[in-house]
Amino acid sequence: MNAAPTARPSRLRLVHAALCFATAGGVLLFAWRQNHGATVGGPLSMPKAAWLAFALLGFFVFPFTLWQNRRLSSGVRRVFGAVFVSFAARGVVELLVLYLTRDWRCLYGISHDAFTALLALALTARARPATPLDRRALRYVPVLLAMLAVEAYFAWRFSLIASPAQGIYFAANAPAFQSLNHLTVIANFATIIVLGWFSRLVRDDL
């Protein structure tokens, strides 16, 4: 008896997987560059490189994928579209300020994290989920809020040690950042578990 044919992954699921792999590869390349002679921003510890990858996944890739999922209602998609656009705009501004000037401050990033959290909460309250798919997708909102809180906390802790005004943008593998790097390792493991859980939850919805 022939086995039932395996369903082909949807185009959106393939795009999501491709973006995840591209993000991981891009961050590895970036970390190598920062730790082998880059003059802008300083060295980058491996825990912080991993967190950077998770932040890009959590604030860009996952919201983008959910936004593009046309099986979700418009109100639910609007939540994730707004989050993606918010971070895309920040990314452009932050990169320009960081690499053309030294005017970026940790408070700017913390303020943007708070703004995006409030935006996500406001749009979620108006989303009116109509299907189980909608409700599963909206389970990402608490994940997003938790990651925003962690990112804001890390930015605050970084600001107590160094400053972009000094040309230092990243936590290095140095004694001054040891405590922050240890906390980042814990956050990384927690994020792996949570993102893995959510990916499994919505795998068949994409």
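Is Ala24 buried, exposed or partly exposed? In this predicted model, Ala24 is partly exposed, with a relative accessible area of 38%, where buried means under 20% relative accessible area, exposed over 50% and partly exposed in between, for a 1.4 Å probe and protein chains only. The model is a prediction in which local features need pLDDT of at least 70 and side-chain atom pairs count only at pLDDT 80 or more, whereas totals for chains, interfaces and linings use all residues. Residues are numbered from 1 along each chain as its sequence is written, and side-chain values use heavy atoms, with hydrogens and water left out.

Ala24 is placed in helix H1; helices here are DSSP runs (H or I, at least four residues), numbered from the N terminus. Between the C-alpha atoms of Ala24 and Tyr153, which are 129 residues apart along the chain, the separation is 23 Å. Ala24 also belongs to the lining of the second largest pocket, together with Cys20, Phe21, Thr23, Val27, Leu28, Met46, Ala49, Ala50, Ala53, Phe54 and Leu57. A pocket is defined on a 1 Å grid over the protein atoms alone, as an open set of points where a 1.4 Å probe fits, with protein on both sides within 12 Å along at least five of seven lines; lining residues have an atom within 4 Å of a point. The second largest pocket holds about 230 Å³ of space, a volume being the space filled by probe spheres set on the points, with grid points joined across faces, edges and corners. H1 and H2 each supply at least two residues of this lining. By class, the lining of the second largest pocket comprises eleven nonpolar residues, one polar residue and no charged residues. In this classification Ala, Val, Leu, Ile, Met, Phe, Trp, Tyr, Cys and Pro count as nonpolar, Asp, Glu, Lys and Arg as charged, and the others, Gly among them, as polar.

The largest pocket has a volume of about 950 Å³. Its lining is formed by 33 residues, of which Leu52, Arg90, Glu94, Glu151 and Phe170 lie nearest the centre. At least two lining residues of the largest pocket come from each of helix H1 (11-34), H2, helix H3 (74-100), helix H4 (106-125) and helix H6 (140-159). The class composition of this lining is 25 nonpolar, three polar and five charged residues.

H2 and H6 pack at an angle of about 145°, with their axes 11 Å apart. Axes are lines fitted to C-alpha atoms, for helices over the stretch in contact, and angles run from 0 to 180 degrees between N-to-C directions. The crossing of these two helices is left-handed, a term applied if the near helix is turned anticlockwise from the far one by less than a right angle. On the H2 side, Lys48, Trp51, Phe54, Ala55, Leu57, Gly58, Phe59, Phe62, Pro63 and Leu66 meet Tyr140, Leu144, Met147, Leu148, Val150, Glu151 and Phe154 of H6; contact means heavy atoms within 4.5 Å. By class, the contact of H2 with H6 has 14 nonpolar, one polar and two charged residues.

Lys48 is located in helix H2 (residues 46-68) and counts as buried because its relative accessibility is 10%. With neighbours within four places in sequence left aside, Lys48 is in contact with Phe154, Ala171, Leu180, Asn181 and Thr184. The C-alpha atoms of Lys48 and His182 are 9.8 Å apart, although 134 residues separate them along the chain.

Ala172 lies in the loop between H6 and helix H7 (178-202) and, at 12% relative accessibility, is likewise classed as buried. Ala172 and Leu206 are 34 residues apart along the chain, with their C-alpha atoms separated by 38 Å.

Arg128, in the loop between H4 and helix H5 (132-138), is exposed, with a relative accessible area of 71%. Most residues other than glycine have a negative phi. Arg128, which is not a glycine, has a positive phi of about 55°. Arg105 is found in the loop between H3 and H4 and is partly exposed at 32% relative accessible area.
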